[in-house]
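Please open the structure in the viewer and display the side chains.

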Amino acid sequence: MTDFADIAVAVLAAGQGKRFGADKLMADLYEIPMGLHIGRTLAPMGFGWRFAVCAAGSPIAEHYSALGFTVIENAAPETGQAHSLHLAVAAAEKTRATALLVALAD
């Protein structure tokens, strides 16, 4: 069985929120930004490495950083979710992780 300490986790949080019409990740949901709920859930779980892929300049990035996530800047979020996933995989490959759990911020 794999121990959580052997697993990297990456939250994909670089969405543009076009259909939502605003920064969906910063929208209030139960008094905290919606995009932070998954971060708060995953942070205490003992993963060996925690990453958050965020759009350049996104205010959600500072929240993930405060939770101990390494923020990976996605300078081209308009290229789609696959680019964020690529950045997450590349970061995980630089660790000793035996697995990568990918979660969506929204």
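How many aromatic pairs does the count come to? The count is two, where rings of Phe, Tyr and Trp (its six-membered ring) pair if their centres lie within 6.5 Å, with planes under 30 degrees apart counted as stacked, over 60 as edge-to-face and the rest as tilted.

This is a predicted model, in which local features need pLDDT of at least 70, side-chain atom pairs count only at pLDDT 80 or more, and totals for chains, interfaces and linings use all residues. Residues are numbered from 1 along each chain as its sequence is written, and side-chain values use heavy atoms, leaving out hydrogens and water.

Select F4 and F47. Their ring centres are 4.9 Å apart and their planes lie at 10°, so this pair is stacked. F4 belongs to the segment before β1 (7–13), and F47, 43 residues apart from F4, to the loop between α1 (37–42) and β4 (49–55). Helices (H or I, at least four residues) and strands (E, at least two) are DSSP runs, numbered from the N terminus. F4 is partly exposed at 36% relative accessibility, whereas F47 is buried at 8%; buried means under 20% relative accessible area, exposed over 50%, and partly exposed in between (1.4 Å probe, protein chains only).

Next, select Y64 and F69. This aromatic pair is edge-to-face, with 5.1 Å centre to centre and 85° between the planes. Y64 is buried at 0% relative accessibility, and F69 is buried at 4%.

Finally, select Y30, in the loop between β2 (28–29) and β3 (32–33). Its phi is positive, near 55°, in a residue other than glycine.
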